Amino acid sequence: IGNCDKNVLFKLNFIYGLVGWFFVSHNCFQEQIRLQGQVRLLEHRVKQQQLKIIQLLEKKEIQYSDRGDENSVIDLGGKRQYSDCAEIYNDGHKQSGFYKMKPVQSPTEFLAFCDMSEGGGWTVFQRRSDGSQNFDRVWTDYEEGFGNFVLTNGEYWLGNKNLHYLTNQGNYTLRIDLTDFEGERRFAQYERFGVAGEEHSYKMTCGEYSGTAGDSLTGGFHPEVKWWADHRGMKFSTRDRDNDNYEGNCAEEEKAGWWFNRCHSANLNGLYYKGPYTAKTDNGIVWYTWHGWWYSLKSVVMKVRPADFQPNIV
């Protein structure tokens with residue numbers, strides 16, 4: 001073979017080599033892209049599974065916390081009488097549930113839910129959780145109490161008589177736990193909470209506010225609104241017993257019994273709507289300083305405990 005032919009063959013081999021290298025490199029590049037795509041897909045599926053697991057766990061936790069199908073009445077055998085949940089807690093009973101108690105001046109025993117969280121010893125006098133109870137009731141119902149006194153999350157009102165006997169024993173702190181439909185929780189706490197007797201139409205008094213929900217109960221969010229938004233010193237009102245400062249009947253308009261002024265910046269006994277609502281009046285479960293008048297809260301717990309409570313950790 002001549003030199004010319006050798007050069008041609010060399011060039012051809014070189015070209016074939018380049019072409020082969022190109023195809024091999026191209027195939028490797030394609031394979032790399034394919035593998036990277038599979039890795040991304042797998043990562044995406046793993047993230048989806050992780051999200052599903054988190055959602056299932058959250059759902060299970062919510063279902064567990066919202067369970068209201070359990071009988072939570074706890075019988076202590078009548079060995080002694082307790083004046084409130086603080087005494088029950090410090091006698092060694094740390095489980096939340098309904099207990100019998102008899103405040104000092106109360107003529108009879110009654111059941112109330114004891115919340116042993118938040119340091120323990122809280123006596124719950126109101127709970128809203130699902131709208132299962134009608135809170136648009138007459139004076140006698142609110143005076144004697146109504147609702148579900150058996151189930152863990154049952155809705156109830158302890159009764160103004162019992163609330164008076166309870167808070168008349170000494171200096172009590174009020175704590176209000178609020179939850180919205182987005183799952184956020186806030187609270188409001190008031191010192192020196194008390195409810196007067198029937199002869200004073202169960203007038204409510206309370207002191208300084210602290211918490212995260214804002215001060216809707218005393219109108220503390222603005223000095224110029226206290227004349228209509230301060231619920232301190234107000235007698236209790238129902239649709240058949242109008243004790244408010246309004247020309248009309250707040251209880252009738254707001255569909256609730258409450259310590260109305262003209263009419264309210266807080267009404268935790270209102271109608272059970274699911275979040276934002278529209279109505280002729282702001283008659284939902286309202287805490288103005290958190291969600292305004294036109295958002296009805298998901299759950300509410302109102303509870304009291306002696307101000308000088310010291311938990312017995314033994």
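A salt bridge here is a side-chain nitrogen of Lys or Arg within 4 Å of a carboxyl oxygen of Asp or Glu. The model is a predicted one, where local features need pLDDT of at least 70 and side-chain atom pairs count only at pLDDT 80 or more, while totals for chains, interfaces and linings use all residues. Residues are numbered from 1 along each chain as its sequence is written, and side-chain values use heavy atoms, with hydrogens and water left out.

**First stop.** Select aspartate 136 and arginine 239: their side chains meet in a salt bridge, 3.0 Å from N to O. Aspartate 136 sits in the loop between β3 and α3, arginine 239 in the loop between α5 and α6, 103 residues apart; helices (H or I, at least four residues) and strands (E, at least two) are DSSP runs, numbered from the N terminus. Aspartate 136 is buried at 19% relative accessible area, and arginine 239 is partly exposed at 36% (buried means under 20%, exposed over 50%, partly exposed in between, with a 1.4 Å probe and protein chains only).

**Next stop.** Now pick aspartate 177 and lysine 303, whose side chains form a salt bridge at 2.7 Å, N to O. Aspartate 177 is in strand β6 and lysine 303 in strand β14, so the pair ties together parts 126 residues apart in sequence. Are these two buried or exposed? Both aspartate 177 and lysine 303 are buried.

**Last stop.** Select Asp75, Leu76, Gly77, Gly78 and Lys100, which lie nearest the centre of the second largest pocket, lined by 13 residues. A pocket is an open set of points on a 1 Å grid over the protein atoms alone, where a 1.4 Å probe fits, with protein on both sides within 12 Å along at least five of seven lines; lining residues have an atom within 4 Å of a point.
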